[in-house]
Amino acid sequence: VTWFVAEWVIGAFGGKGLTLQAATGIPAIIILLVVMNWFFHRVYWTGWISHHHKRRKGLLSGAEGASMRRTMLGLALLGFTSVYREGFEVVIFLQNLRVAFGSSVVLEGVLLGLLFTGAVGVLTFGLHQRLPYKKLLIITGCLLVVVLFVMVGEEVNEMQAAGWIGTTNISWLHVPGWAGQWFSVFGNVETIVAQLLAVTIVIGSYVAAQYLRVWRPRRRGERTARLAAYPPEVPAAAPGRASKPLASA
């Protein structure tokens, strides 16, 4: 539904053209920057995912006192909110590609993406504990940086083609055609500066956070921040009040 709504909105503004291509790329880059900051600062799995786990446990623990229909409705809404954010990002990315290259190219990419996603799902559920998750997360982070680098270069190039910003060519820099086709690297100041700035923002924010939470306290001999290895202890029950048993993990 979100895909067709986005397609209708884009069609209302003309449906094609360099200006529309440049406009649809801006929200995609903003969302990607937000996702990358979530990823590199571990907000995604320590905040968003843990929040949904708490809601799921709350629904299951209250299933005895509530009707089965309300419990199933709650779980369905929880699953929808968990998945919809990811789906919204994908819709924004693919609408930008649809405007630039057409629906058939996007359909081919979606089919290939589903095949790779299914393969990753089979490996994840089949191997489970034996997968090197830490290495996979590092590889994923590196791939996200490459995706951001390419998207920013392509967006700046589209803004230049639409006449939004100027183009300052670098006469001494020769960039082969394949670099522009695959990595959106062009021989002008605007695209190169924008790409370097985007990567610097993501990596720089991670380095700054590490410096404030770990490196500076360590240098001062203070206690550094680190992820908890065990869940927090439950406080003792007040006098005259029985403590509730903990739900199993």
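Ile203, Tyr206, Val207, Tyr211, Leu212 and Trp215 form a nonpolar surface patch with about 520 Å² of accessible area together. Patches take residues with over 30% relative accessible area and no salt bridge, joining like charges within 9 Å and nonpolar side chains (Val, Leu, Ile, Met, Phe, Trp, Tyr) within 5 Å. Accessible areas come from the Shrake-Rupley method with a 1.4 Å probe, and for residues only the protein chains shown count as cover.

This is a predicted model, in which local features need pLDDT of at least 70, side-chain atom pairs count only at pLDDT 80 or more, and totals for chains, interfaces and linings use all residues. Residues are numbered from 1 along each chain as its sequence is written, and side-chain values use heavy atoms, with hydrogens and water left out.

Now the overall fold. The protein chain has 8 helices and 0 strands. Along the sequence the pattern reads α-α-α-α-α-α-α-α. Helices (H or I, at least four residues) and strands (E, at least two) are DSSP runs, numbered from the N terminus. Of the 249 residues of the protein chain, 23% count as buried. Buried means under 20% relative accessible area, exposed means over 50%, and partly exposed lies in between (1.4 Å probe, protein chains only).

Return to the patch. Val207, one of its members, lies in helix 8 (residues 189-219). Val207 counts as partly exposed because its relative accessibility is 36%. Gln195 is also placed in helix 8. Its relative accessible area is 1%, so Gln195 is buried.

A cavity is a set of points, on a 1 Å grid over the protein atoms alone, where a 1.4 Å probe fits but cannot get out; lining residues have an atom within 4 Å of a point. Grid points are joined across faces, edges and corners, and a volume is the space filled by probe spheres set on the points. The largest cavity holds about 40 Å³ of space. Helix 6 supplies the largest share, 4 residues. By type, the lining divides into 2 nonpolar, 2 polar and 3 charged residues. Here Ala, Val, Leu, Ile, Met, Phe, Trp, Tyr, Cys and Pro count as nonpolar, Asp, Glu, Lys and Arg as charged, and the others, Gly among them, as polar.

Helix 2 also holds Asn37. With a relative accessible area of 24%, Asn37 is partly exposed. Asn37 and Ser205 are 168 residues apart along the chain, yet their C-alpha atoms are separated by 8.0 Å.

Next, charge pairing. Side chains of opposite charge can pair when their charged atoms come close. The whole structure has 1 salt bridge (a side-chain nitrogen of Lys or Arg within 4 Å of a carboxyl oxygen of Asp or Glu). Glu7 forms a salt bridge with Arg98, and the closest N and O atoms are 3.8 Å apart. Glu7 lies in helix 1 (residues 2-12) and Arg98 in helix 4 (residues 68-101), so the pair ties together parts 91 residues apart in sequence. Glu7 is partly exposed, at 27% relative accessible area. Arg98 counts as buried, at 13% relative accessibility.

Finally, a backbone detail. Ser184 sits in the loop between helix 7 (177-183) and helix 8. Ser184 has a positive phi of about 55 degrees, although it is not a glycine. Its relative accessibility is 5%, so Ser184 counts as buried.

Notes:
On a 1 Å grid over the protein atoms alone, a cavity is a set of points where a 1.4 Å probe fits but cannot get out, and a pocket is an open set with protein on both sides within 12 Å along at least five of seven lines; lining residues have an atom within 4 Å of a point.
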